[in-house]
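Here's a quick briefing to read alongside the model. Have the viewer open and follow along by topic.

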Amino acid sequence: MITSGAASLAAALATLASNRRAAARGRWGDLVSDPNGILDLPEGFSYAIIEEAGEDMDDGYRVPGRPDGMACFEGPDDTLILMRNHENSVGDILNGPYKLGQLPPDEAYEAAAMGGVTRLVIDAGTYERISSNLVLVGTVRNCAGGPSPWGWLSCEENVDINGGVRHGYTFVCPTDADSVQDPQPVEGYGRYNHEAVAVDPSNFHAYLSEDRGDSCLYRFVPDDMSDPFTGQLQALRVVGQDNFATTNMDPGDVVDVDWVDIDEPDPDSDSVRDEAQDKGAAIIVRGEGMWFFEGQVYICSTSGGPAGAGQIFRLIDGDSPTLECVVSSTSTSVLDKPDNITVAPWGEVFMAEDGGGDQYIRWINDQGEVCDFARNATSDSEFAGVCFSPDGQALFVNIQGDGLTLVVTGPFPEMMGGEEEETDTGEETDTEESTDTGETEDTGETDTTDGSTEESGSSGDESGTDGSSGEDEIGDDTEGTGGGADGGSLDEEGCACSTDEGGSSGVAAAAVVAAVGVRSLLDLDD
């Protein structure tokens with residue numbers, strides 16, 4: 001399965017070949033049980049709830065339910081901006097942004113659709129909430145997406161056509177939008193059951209996933225960087241092996257790939273993948289989360305692999321592009337249906353699970369071991385939207401069914417001049433009080449489940465109890481700490497950082513500057 005060119009590249013890149021579980025330890029040690037029953041974390045880490053579904057936002061709407069994909073951007077005046085999807089369907093008023101009697105705004109893409117994007121502004125030092133507002137509304141099942149030089153890209157996991165309103169697009173959402181905006185669909189990225197997108201800032205190539213059992217992986221190549229949404233949609237094909245099944249790849253397997261053009265990216269039916277596979281495109285079992293990092297695209301196949309429990313791939317797209325299997329779960333106790341994915345600024349991959357029973361945030365160390373970082377202790381709902389602050393000192397995540405957006409701080413590696421520095425053990429960093437004890441009084445929200453948490457807590461055991469998928473319950477506002485002292489030391493299974501060196505950050509910055517003014521090129525029509 002490994003082609004000769006791909007094999008040499010894999011060796012040069014020191015591929016992550018192993019799928020051993022690191023006994024839930026890694027560099028930070030075992031999870032400690034949270035006495036408040038919200039989030040189990042390693043010792044030395046703490047969490048705070050920043051915002052809950054149903055609370056008032058600053059624009060008169062309420063925080064929608066079912067928060068999903070998310071990314072963190074630097075904002076002005078020492079702020080951070082979280083751009084956050086909400087995976088709501090048409091008619092789901094309980095999870096929508098509207099208070100009782102409130103009507104959809106003129107900017108709504110479809111009046112009855114309750115999906116969309118919110119913008120959450122927080123203090124970059126304390127991580128306390130400053131404000132929040134609606135940016136996009138009237139879309140359907142905004143699942144994941146991705147950061148880009150133009151802001152947050154939000155993807156619809158739906159291909160319905162409702163009264164002439166076509167769904168199934170990726171939408172551009174500016175990070176400086178302090179009010180709801182006219183929708184900006186990118187038709188060139190295709191109309192299908194979108195999941196996530198990852199943009200290479202050096203050339204504006206966009207990589208896109210599709211959440212279907214027989215999905216494809218797509219690439220959009222702009223004709224010109226000055227007009228980044230006009231160009232060619234393509235699908236990934238394995239060289240010499242039409243309709244290659246990526247689910248059969250084992251960790252360390254690498255294949256050479258190329259791309260086939262899609263002639264009809266915006267069809268009336270859900271047929272983009274049919275055209276792709278007619279041309280030999282590879283098949284991925286439920287492509288979901290994606291993240292671009294230093295010339296590499298990391299991809300979740302949520303139900304791929306021998307156990308149907310998930311795979312992680314790494315795509316390196318260049319003169320001789322390759323697709324490598326990094327992890328293939330052999331058991332749900334190792335990895336249980338990875339959904340959203342991110343890469344920490346120091347280079348390690350973190351994944352949010354959407355499986356059954358206990359749900360974890362897990363990460364991959366430099367030996368290819370899958371380690372536990374956090375456990376949902378409040379429900380069996382999926383984690384979503386896992387991402388880091390640009391300096392790597394805070395992790396943000398949603399617990400979807402409970403409508404919670406949280407920040408986690410602690411002994412993360414410190415980034416100095418773009419390189420990782422070892423953090424001291426022993427110091428708890430930035431244990432912040434959670435803002436707003438916000439009970440919402442609006443009617444018509446999701447079910448409220450009393451999380452009855454008053455203090456912070458740390459995480460507990462990692463039993464794999466079965467459970468049904470989480471309902472849209474909303475937990476109490478609380479702060480949690482993972483306890484005391486030295487969570488930062490490396491044990492014998494601790495991992496050294498595997499960050500690739502290079503000047504990508506400068507390229508990315510230049511590309512962002514080059515992107516100024518591109519928004520005006522978007523077609524704002526529905």
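In what order do the 4 strands of the open sheet come? They run 4-5-6-7, and the pairing is antiparallel. Keep in mind that this is a predicted model: local features need pLDDT of at least 70, side-chain atom pairs count only at pLDDT 80 or more, and totals for chains, interfaces and linings use all residues. Residues are numbered from 1 along each chain as its sequence is written, and side-chain values use heavy atoms, with hydrogens and water left out.

**The open sheet**

- Strand 4 (67-75) and strand 7 (129-139) sit at the edges with a single partner strand each, so one side of each has no neighbour in the sheet.
- From one strand to the next, the twist averages 20°.
- Strand 5 (residues 79-86) pairs with strand 6 (residues 115-123) in the antiparallel sense over 8 bridges, and T79 stands opposite D123 in strand 6.
- On terms: strands are DSSP E runs of at least two residues and helices H or I runs of at least four, numbered from the N terminus; two strands pair if DSSP finds at least two bridges between them.

**Nonpolar cores**

- A core here is a set of buried Ala, Val, Leu, Ile, Met, Phe, Trp, Tyr and Cys residues joined through side-chain atoms within 4.5 Å, where buried means under 20% relative accessible area with a 1.4 Å probe, protein chains only.
- The largest one has 43 residues, of which L82, M83, I312, I341, M351 and F396 touch the most other members.
- Apart from it lies another core of 27 residues, including I49, A344, V397 and L404.

**Aromatic rings**

- There are 24 aromatic pairs in the structure (Phe, Tyr or Trp rings, the six-membered one for Trp, with centres within 6.5 Å; planes under 30 degrees apart are stacked, over 60 edge-to-face, the rest tilted).
- W28 and F45 have ring centres 5.5 Å apart and planes at 85°, so they make an edge-to-face pair.
- W28 is in the loop between helix 1 (4-12) and strand 1 (31-32), and F45 in the loop between strand 2 (39-42) and strand 3 (46-52), so this pair ties together parts 17 residues apart in sequence.
- W28 is buried at 4% relative accessible area, and F45 is buried at 0%.
- F45 also pairs edge-to-face with F373, with centres 5.1 Å apart and planes at 85°.
- F373 lies in strand 26 (residues 370-376), so that pair ties together parts 328 residues apart in sequence.
- Ring pairs link W28, F45, W346, F350, W363, F373, F388 and F412 into a cluster.

**Charges over rings**

- The charged end of R27 sits over the W28 ring, 5.1 Å from its centre (the cut-offs: NZ of Lys or CZ of Arg within 6 Å of the ring centre and within 35 degrees of the ring normal).
- Likewise, the charged end of R362 sits over the Y360 ring, 4.3 Å from its centre.

Notes
Axes fitted to C-alpha atoms, helices over the stretch in contact; angles between N-to-C directions. Buried < 20%, exposed > 50% of the residue type's maximum accessible area, 1.4 Å probe, protein only.
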